[in-house]
Amino acid sequence: MRKELDIRFDEKTGAWFGRSMPVARGKMEKRVWRFDDLTPSPRAFLDCALPGHVRTLYSALGHGSDEEQLEGTAVEQAENYHIDFVKAAPGNGAALHSHGSEETFVALTGKWEIFWGDEGKDGGTVLEPFDGIVVPGGVLRGFRNVGEEEATLMAILGARNAGHCIWAESLQPAFAEQAAE
């Protein structure tokens with residue numbers, strides 16, 4: 001349901017017109033994040049402790065998946081999507097995982113390889129700054145910094161509640177070893 005006020009269709013122009021739903025400045029200020037003020041979460045996911053998957057997550061908007069171990073989220077009022085920023089050194093990124101919703105990746109700096117499928121070999125593409133890809137829900141996906149210096153990737157998870165993170169079967173032995181420590 002739309003929240004604008006006095007919505008009407010103008011036959012002459014073929015456009016819709018209306019007034020804004022009122023919102024106080026204070027409420028809007030609670031919806032602003034400043035990257036420099038985001039709290040880093042270096043162990044946001046189970047795979048962050050595994051070699052090749054070390055990265056830091058900066059949660060800007062919403063809560064993402066159920067398993068995320070966030071140190072803080074700047075704006076919690078997300079209704080239908082979540083935004084995180086990921087920083088990783090060369091060769092590091094996320095292990096193969098899936099969500100129940102689509103996930104969009106946009107390279108902000110550096111070069112990032114996005115790969116997918118049961119073993120991550122069904123496909124892959126390299127994103128350079130401002131390139132992006134949308135991975136459908138239910139598809140195992142992973143990413144890694146394939147550049148020569150630390151880089152930043154934006155991840156947008158498209159769901160009100162992303163639910164549990166599903167990991168590739170190949171990660172079970174590494175997670176079991178990690179849990180035993």
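These legends go with close-up views of a predicted model.

**View 1. An open sheet of five strands, paired antiparallel.** Reading across the sheet, the strand order is β9-β8-β11-β6-β13. The edges belong to β9 (123–127) and β13 (166–167), each of which pairs on one side only. Zoom in on β8 (residues 112–116) and β11 (residues 141–145) and you'll find an antiparallel pair with five bridges. Look for I114, which sits opposite F143 of β11.

**View 2. The largest nonpolar core, with 28 residues.** Three residues touch the most other members here: F105, W112 and F143. Two or more residues come from each of β5 (82–88), β6 (93–98), β7 (103–107), β8, β10 (132–135) and β12 (151–157). Another core lies apart from this one; it has eight residues, including L38, Y58, L61 and F85.

**View 3. F105 and its neighbours.** Leaving aside residues up to four places away in sequence, F105 touches I114, L127 and F143, among others. Its list of contacts also includes L153, M154 and A155, along with D131 and R141.

**View 4. Strand β12 and the strands it pairs with.** Six of the seven β12 residues are buried, so the rest of the structure largely encloses this strand. β5 runs antiparallel to β12, and seven bridges join the two. In that pairing, D84 has A155 of β12 as its bridge partner. β7 is antiparallel to β12 as well, joined to it by five bridges. Here A107 stands opposite L153.

**View 5. A buried salt bridge between R141 and E103.** The two side chains meet at 2.8 Å, N to O. This one links distant parts of the chain: R141 is in strand β11, E103 is in strand β7, and they are 38 residues apart. R141 has a relative accessible area of 0%, so it counts as buried. E103 comes in at 6% relative accessibility and is buried too.

View 6. R2 is exposed, at 60% relative accessibility, while E4 is partly exposed at 33%. R25 counts as exposed at 66% relative accessibility, and E29 as partly exposed at 43%.

Notes
Residues are numbered from 1 along each chain as its sequence is written. This is a predicted model: local features need pLDDT of at least 70, side-chain atom pairs count only at pLDDT 80 or more; totals for chains, interfaces and linings use all residues. Side-chain values use heavy atoms; hydrogens and water are left out. Two strands pair if DSSP finds at least two bridges between them. Helices (H or I, at least four residues) and strands (E, at least two) are DSSP runs, numbered from the N terminus. A nonpolar core is a set of buried Ala, Val, Leu, Ile, Met, Phe, Trp, Tyr and Cys residues joined through side-chain atoms within 4.5 Å. Buried means under 20% relative accessible area, exposed over 50%, partly exposed in between (1.4 Å probe, protein chains only). Contact means heavy atoms within 4.5 Å. A salt bridge is a side-chain nitrogen of Lys or Arg within 4 Å of a carboxyl oxygen of Asp or Glu.
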